[in-house]
Protein chains: 2
Amino acid sequence: MTAQLKIRYDSYIQENQLKSSRRRDMIFEHILQIQGHFTVDNIYQEILTIDSGIGIATIYRTVRLLVASGVLSEQTFGEKKGWFEINDLKVEHHDHMICTSCGKIIEFHSKVIESNKHEIAKAHCFIIYSHKLEIFGLCNTCQKQ
Amino acid sequence: MTAQLKIRYDSYIQENQLKSSRRRDMIFEHILQIQGHFTVDNIYQEILTIDSGIGIATIYRTVRLLVASGVLSEQTFGEKKGWFEINDLKVEHHDHMICTSCGKIIEFHSKVIESNKHEIAKAHCFIIYSHKLEIFGLCNTCQKQ
DNA sequence: ATTCGTGCAAATGCTTTGCACCCAC
DNA sequence: GTGGGTGCAAAGCATTTGCACGAAT
């Protein structure tokens with residue numbers, strides 16, 4: 001799967017007359033290691049400890065490139081900032097339950113919702129590109145506190 | 001329904017030792033007339049033409065009050081700014097299809113999704129407060145262009 | 001009178017961008 | 001060598017906040 005993403009990254013760079021660079025590659029490799037969701041500042045802080053000279057603008061630019069190339073997808077989770085995650089096309093689309101107390105994000109997938117979504121779109125003559133379903137509430141742990 | 005919202009507005013002000021004021025009331029009344037979704041800047045521009053002395057901070061403060069009192073609900077629609085709409089509790093919860101070409105928003109409701117959502121939450125021992133489902137794609141009109 | 005509401009401008013948080021310089025090809 | 005990559009600081013946007021003054025009870 002990592003190989004798939006590498007191909008997507010490389011070909012995007014190729015097709016758009018961009019260049020690879022030490023930092024670009026390093027950010028890409030770093031992001032590949034991440035499980036789950038992250039913000040630009042999350043990876044900026046992490047990469048700072050390895051490469052103290054890096055600027056946050058470079059992270060922003062690289063993340064934009066990765067979204068444009070399809071390596072990452074972006075969500076807002078109802079906040080006014082970007083959250084990112086690896087966009088693995090081989091994995092089924094998933095949705096999120098977000099704990100409003102501790103911020104924990106639980107991923108899930110529902111075939112029922114998936115197929116109903118298509119029925120609804122059909123009824124409205126709407127062509128679906130993507131969807132985002134977020135459920136807000138309390139996770140198991142926070143209910144007990 | 002407008003009466004319902006007025007009660008919610010008035011009692012929130014009462015219960016929180018706030019005051020009503022000419023501008024607060026005017027913004028509230030203005031928002032009641034709005035069909036569909038709007039941003040703070042939308043109503044600011046509109047109200048400016050009636051009350052040229054108003055400041056955008058007042059709109060922000062009033063909209064926050066209306067969200068806190070349950071008169072309005074807020075969504076991001078994947079953007080990094082707030083979109084608001086009247087939160088009529090008597091109307092069933094609805095979701096949104098957003099045309100990525102013209103920005104048109106189509107509202108819909110699905111009992112199937114509604115009940116499936118509760119099954120999923122139950123399976124994860126998650127207590128639902130709210131949910132947001134956004135479908136992005138092309139509306140009927142934009143498909144033909 | 002006192003307390004809250006309001007305009008203004010400054011501050012904030014996240015993100016983008018212009019510019020001079022650096023690096024890859 | 002040339003064009004893209006990068007850090008830095010400045011600019012952009014949406015939003016919030018501090019402050020002095022004005023209005024509501």
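Which residues line the largest cavity? This is a predicted model, where local features need pLDDT of at least 70, side-chain atom pairs count only at pLDDT 80 or more, and totals for chains, interfaces and linings use all residues. Residues are numbered from 1 along each chain as written, chains are lettered from A in the order written, and side-chain values use heavy atoms, leaving out hydrogens and water.

**View 1. The lining of the largest cavity.** Here you meet A:Thr76, A:Gly78, A:Lys132 and A:Glu134, along with B:Thr76, B:Gly78, B:Lys132 and B:Glu134. A cavity is a set of 1 Å grid points where a 1.4 Å probe fits but cannot get out, and lining residues have an atom within 4 Å of a point. The volume, meaning the space filled by probe spheres set on the points, is about 50 Å³. Sorted by type, the lining has no nonpolar, four polar (Gly counts here) and four charged residues.

**View 2. The largest nonpolar core.** This set of buried nonpolar residues, joined through side-chain atoms within 4.5 Å, has 27 members, and A:Met97, A:Phe126, A:Ile135, B:Met97 and B:Phe126 are those with the most contacts inside it. β5(B) gives this core its largest share, four residues; strands are DSSP runs of E, at least two residues long.

**View 3. A:Leu138 and its surroundings.** You'll find A:Leu138 in strand β5 of chain A. A:Leu138 counts as buried because its relative accessible area is 15%, and the cut-off is under 20% with a 1.4 Å probe, protein chains only. Beyond neighbours within four places in sequence, its contacts (heavy atoms within 4.5 Å) include A:Cys99, B:Phe126 and B:Tyr129.

Technical notes: On a 1 Å grid over the protein atoms alone, a cavity is a set of points where a 1.4 Å probe fits but cannot get out, and a pocket is an open set with protein on both sides within 12 Å along at least five of seven lines; lining residues have an atom within 4 Å of a point. Buried means under 20% relative accessible area, exposed over 50%, partly exposed in between (1.4 Å probe, protein chains only).
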